Every structure is written in structure tokens, then in C-alpha cells.
Amino acid sequence: MKVIWQKLLFSLPFSLLFLRTAILPVLARSPDKIVECEILIIGGGLAGVATAYESLRDGRTVCMTEITDWVGGQISAQGTSALDEKSKQRSLLFYPQGYNELRIRIEKKYGRLDPGECWVSESCFLPKDAHKILTAQLQQAAKRGRGTLHWFPNTVIKDLEISPQGNIIQSAIAIQHQPKPNTPPLNQETLSQTIEDAYTYTDSSRFSKTIIQFLPKLKNDPSLANWYIIDATETGEIIALADVPYRLGIDPLSSVEPSSSGSITQGNPYCTQGFTYTFAMEKMAATQTYDVPAFYSQYEPYYSYELSRFASIDLLFSYRRIWSPKTGEMDSFGGIRWSKVTPGDISMQNWTWGNDYRPGTERDNLIYTRSQLQQMGQLQSGQWLGGLRTETLRKGEENAIGFFYWLVQGTTDSRLGAGVKQGDRTHRYLTGLDSPMGTMHGLSKYPYIREGRRIIGRPSFAYPEGFMVTELDISAKNYRDEYYQNTLPGKMYREMWTRLAGLGIIDVIMDDIPTERITRRTRSTLYPDSVGIAQYNIDFHPCMTLSPPELPGNTEREGTRQGAGLTYPAQIPLRAMIPQKVDNLLVAGKSIATSHIAAAAYRVHSFEWSVGAAAGMTATYALETNIMPYQLVETMPRSNPQLQELKLRLVERGNPNAFPDASIFNLDWDAWK
């Protein structure tokens, strides 16, 4: 089938659209509707779904907004429908109960857990089905718990009303958009073409808007929290809009972040992990023809198989194959085995040196920093436009479409050189509202975001600058490596090893044991306020050094992969979910209080479910007991009876907060690495 790229995406009128100045918001008109809820979840990704799932089972009235029209985030609207899991955890199915239910529902839908016979995961499936599966799961949760779900697709939060004391979100103003009569349905245009319109109060030629005011359903003592807001967005929108302290990008080099590529005095807020517009492609029996995208030559210098052992289009295709109606014979390349690709197979593409887009400078960063937002005026009332750089979204879209053309027609490779890449014209780029991505342009409805804004938790005795889970809390790296001796100043190197001493820390301090004789702990940090679990490798898709990312000869930012590697089974402390300043705001998803390096492990599917489940049950417990979440952790590191009651409820509901045999005395975690 011939692919007409310009008709799909970038016709001249839309190209001109990108060059105009940003849409200027106007003052809010009166709300068209008022909706009351006990828990307002902003963001319908896996963390948001898990929050709703547990809140509904507790009988709560839940409102959930989502910028797209699908729930599921990573596995649906973002198209990364291949579950990232570690083998030991998977072998025990040691996941939250709701996540295990999701896996069962996937298997029931297809008759097998892996309908794509991919080799990146034990489960690869169609994004469009993930939305349906999760919708049914939420409906069942509401029925079981007699809760009520108000679902608001195509909806963004525009403004917050915060109490005069600055500690309670009292209401939220949202904009829901829908196509005007006699205009095409949704998902015709890419996100970059619609995002500014979606955040603008006034109707446009394309969309009509419904202004919604969310208010608390409960009318308690005004000094208490009458409802809870959960930031489950992909980039930490609400923590930016509420202007609570947060970090973005690379942290400074320190004894707890010893692999950082930042300096001792500063990090780099513009260098976040790359984002990816996924797409689906189908293996065909007949040769196809293609038109070269008008923008292809701009991005061609970037594309690569990355390593010679990956230099096979069939290998890349089967890597994230999400549908395979017929099992092929076994094939192999570079020591990797998979079933042969056969006509009718469908693959989802998510490749570092392919459709990843990796900006890393102040000229092209995707997620605006606080200072950038201030300069643009987005933090002023009624001026919020989502906090993302539209131009970078557009270039990410172009880069992804160019990658498909490179796969089927390209003969260059930016890292492996000439003579490696050959085309294969037996693939079709899938588009349409019934396609796996559910869009006319074929790209995912929203990019897969690996890293967004990350809150700084509340200060305490042990964390005077604010709570944060760091590299040293989870990494299994060999810190005896010469790199650390040569990179860290002597005092910092000593402090790092003191922190790694585990049970021997008192002896290290009191007896001044030499650094080379310190025995490091071989487990992650254990938290008295743990409310969930997470395990995945510290896995980077680093930003590029120069702007634009696709610049010929560009390289990854030097040193950003230093922290990559294995981890120990880790925990999700409640303190990592509680922002400063605002008492009725909880954070789920990737915006919890982690460092840049730790965030590279705290970002996969089961983690999102675990932290979302914890957010939902914490919110319902807080409403029931009239205690605010920060009060549950004020006594840390000493626990308290109410925190223990919450933790017990989580475990009884099937949401573990520690891995099996987790204790300060158990140092045998080799099987989990």
C-alpha cells in the first residue's frame, strides 16, 4: 500500500501552523458543569488506572481526566504495549493484585499472554485492546466496591484554586474538547497539532470546549482535606502548576548520586531521557511502495541499528511484535533467537537510535523548567498550556515517521557505517482509527515519556534538603570500580562508602575503618513507610549533546550511561509520593521523589501500578481517618500505628510493600539481580 506522508501529517497548512505564535489563553468563562468527587485523578495512565481501581474498590466517588481518549498510558495511548518485567519477580508473579488481574485479562483476551511472540517481554499485545481491557477492569472494580467513576477523556487541567494558606487545592478547572459538528473525529491530527488548542478556553475552528469545575464531594471541617488530588500525569503537570518544589533532568554529582554526569555544584535540567512516538507496522507478502517524507533528509543522519548484533530488520520487527497470527519457524541473528516474521505479523517500534527523540539543551528540551515556565507566563492564573515545547513534539513525530522510512528504504547507519543497512519493502505502516494506535496518522496518541518532573519530598532530620530515593538506594553497581575513585573527591568517596556500609555503619564511623575494608550492603534501602514495590534495571535513553538531536555526528551526553546497570528489589516509600507545601496532593507515576538515575528504574509498568494502588488506598484511608498523608510519616524513621494500619490494608488487598524476605539481615539477592 502506498503511503502518502504529506497527506498523513505535514501538509503545507499544518506546516504553517507550527510557525505561528502560541495560542494565547483568555480568562476562563463560567464553568459549563460542576462535578464533585472524593478523589480527582489527573492522568489516565497505568498509575492513574491503578489509583482509580483501588479507590473504586473502597466505594469512593472518583473523577479521572486524561488528555487522550484512552486509559492505560504506556500500554495504550503511548503504544508501549510490551510489559517490562524482571524474570524473578515474574516467575513468582509478585505484583500488585490489580496488575496480576491485568495480565490474566490479557491472556483471556487472546488465549495467550504473548499474542505477538515478541522477545523483549513475556507479553506483547495491541495497544487498542489494552484500553478496552482496562476499561472493563475499572468497571468491575466499581461494581465490586460500589464506587462511582466519572471518566473525562480528552480533558486537561487548566487551573487550580489553592487555599489562602497555600496548602489545600480547593478546586480544579478543566477543559474537555470535542470535534465541532461537520468536522473529522478525534485522532486525525498529531498531539503537536492539537495540544495548545486543548489547553485554550475558547472554542476553535476544530474543537468545541466544555469547561468543568471539579469540587470536593465531602464537606468536612474546612481545616481538613475534603478530597485528594492525584498527579498521575506523564510529565508532572500538576506539581508544576501547583508550583511545589521539584527537580528536572540530571542531578549534581554527590555521594548518593555518584554516577551523575553533572558537576558537584549543578546538574542539567534540560537533559531528561528521550521520549518516543511509537507506531505499528505490518509484514506483507507483497512488495510495497513508499513516498519519501519531505523531512526525511533532516533525520536520516540519526538512525542506526546501534549495535552490529541488532543489524537485522526482522530482529527489530520481532523484538516488539504485538500480533502474530501464525507462528513461524525459529530464526536467529547475533545470538538471539525468535520465531520468523510471517505476513500478517504486526510490530510496535520503540528503538533508541530510531524513533526515540532525545533533546537535551535549553533550546529544544521537551519539558519546560520552572524558570522557562515563569518566563513564558504559564504559571500565571489561566495561562497554563501543558508545560511542553510544541515544536519538540512535532519534531519527535517527524523523527518517528522518518524511522519507518529508514527501516524499509534506508541504506545508512549513523553508528555502524556504510554497507550494513539494507531496505526491506515488505512492510506497511498502519494508520486509521481501527489501527493498533487508533490514529489516522499512525503514531501513538501521546509519546512514551520516560522521565518528567520529580518532586522533592518534605525535609526531615535525615533529609534536610527534602526526601529523595537515590542511585545509592537501589543500585547493585560495583562502586570499587576505578571510575568512582578517580571521579569523586576523597571526602565524597568516603561518604559514599559509609552510606553503603549497611549494618556496619556504626563501626565504620566510630572506628574510622578504612574505605577499602568497608563491606558494602547487598540490598536496596528498606523504608519503614514503604507502600509499594519496584524492580527494573537502571535503563537509560540519554539526551543528545547538541541541538538538534538529529544533527549529523551528534553524540549522547557524555557520562549519562554511567549509572546504568542492575538493581536490587526496591521499595516505594510514602514520603516519595508526598510533595511539599500542598497537603491534599499525592503523586503517582514517574513524578515521585527520585533522583535522575533512580528514576530510570522507577518507570516501568508494574511500578506504575504499584505506586498508583498505594496512592488510591492512601487517599481513601486519609479521608476515612481525617489524617493527612504527611502526618503518617512525620515520625520517620520511627513508624506509627496509623501508618502500620495503612500498610496492613495494602497487603490484605494484595498490594505488597516489600519483596519476600526483605530485611536488613538478608543480603542474599543474587537471584533477583
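**Pockets, cavities and rings**

Modeller: The largest pocket holds about 1300 Å³ of space. A pocket is an open set of points on a 1 Å grid over the protein atoms alone, with protein on both sides within 12 Å along at least five of seven lines. Grid points are joined across faces, edges and corners, and a volume is the space filled by probe spheres set on the points.

Colleague: Which residues are closest to the centre of the largest pocket?
Modeller: Val-256, Ala-462, Tyr-463, Asp-473 and Arg-499, out of 35 lining residues. Lining residues have an atom within 4 Å of a point. Elements giving two or more residues to this lining are α13 (471-474), α15 (490-499) and α16 (505-511). The largest share, three residues, comes from α15. Helices are DSSP runs of H or I with at least four residues, strands are E runs of at least two, and both are numbered from the N terminus.

Colleague: How does the lining of the largest pocket divide by class?
Modeller: Into 17 nonpolar, eight polar and 10 charged residues. Ala, Val, Leu, Ile, Met, Phe, Trp, Tyr, Cys and Pro count as nonpolar, Asp, Glu, Lys and Arg as charged, and the others, Gly among them, as polar.

Colleague: What should I know about where the model comes from?
Modeller: It is a predicted model: local features need pLDDT of at least 70, side-chain atom pairs count only at pLDDT 80 or more, and totals for chains, interfaces and linings use all residues. Residues are numbered from 1 along each chain as its sequence is written, and side-chain values use heavy atoms, with hydrogens and water left out.

Colleague: How many cavities of 30 Å³ or more are there?
Modeller: Seven, from a search of the whole structure. In a cavity, a 1.4 Å probe fits but cannot get out. Helix α7 (residues 191-198) gives the largest share, four residues.

Colleague: What is the volume of the second largest cavity?
Modeller: About 170 Å³. Of its 19 lining residues, Gly-43, Glu-66, Ile-67, Thr-233 and Glu-237 are the closest to the centre. Strand β5 gives the most to this lining, with three residues.

Colleague: Is β5 mostly covered or mostly open?
Modeller: Mostly covered: six of the eight residues in β5 (155-162) are buried. Buried means under 20% relative accessible area, exposed over 50%, partly exposed in between (1.4 Å probe, protein chains only).

Colleague: Which strand does β5 pair with?
Modeller: β6 (residues 169-179), in the antiparallel sense over seven bridges. Two strands pair if DSSP finds at least two bridges between them. Ile-162 stands opposite Ile-169 in β6. The two strands form a hairpin with six residues between them, and Gly-166 in the turn has a positive phi of about 85°.

Colleague: New topic. How many aromatic pairs are there?
Modeller: A search of the whole structure finds 32. Rings of Phe, Tyr and Trp (its six-membered ring) pair if their centres lie within 6.5 Å; planes under 30 degrees apart count as stacked, over 60 as edge-to-face and the rest as tilted. Phe-467 and Tyr-527 form an edge-to-face pair, 5.8 Å centre to centre with 70° between the planes. Phe-467 lies in the loop between β18 (454-455) and α13, and Tyr-527 in the loop between α16 and β19 (530-534), so the pair ties together parts that are 60 residues apart in sequence.

Colleague: Are Phe-467 and Tyr-527 buried or exposed?
Modeller: Both are buried.
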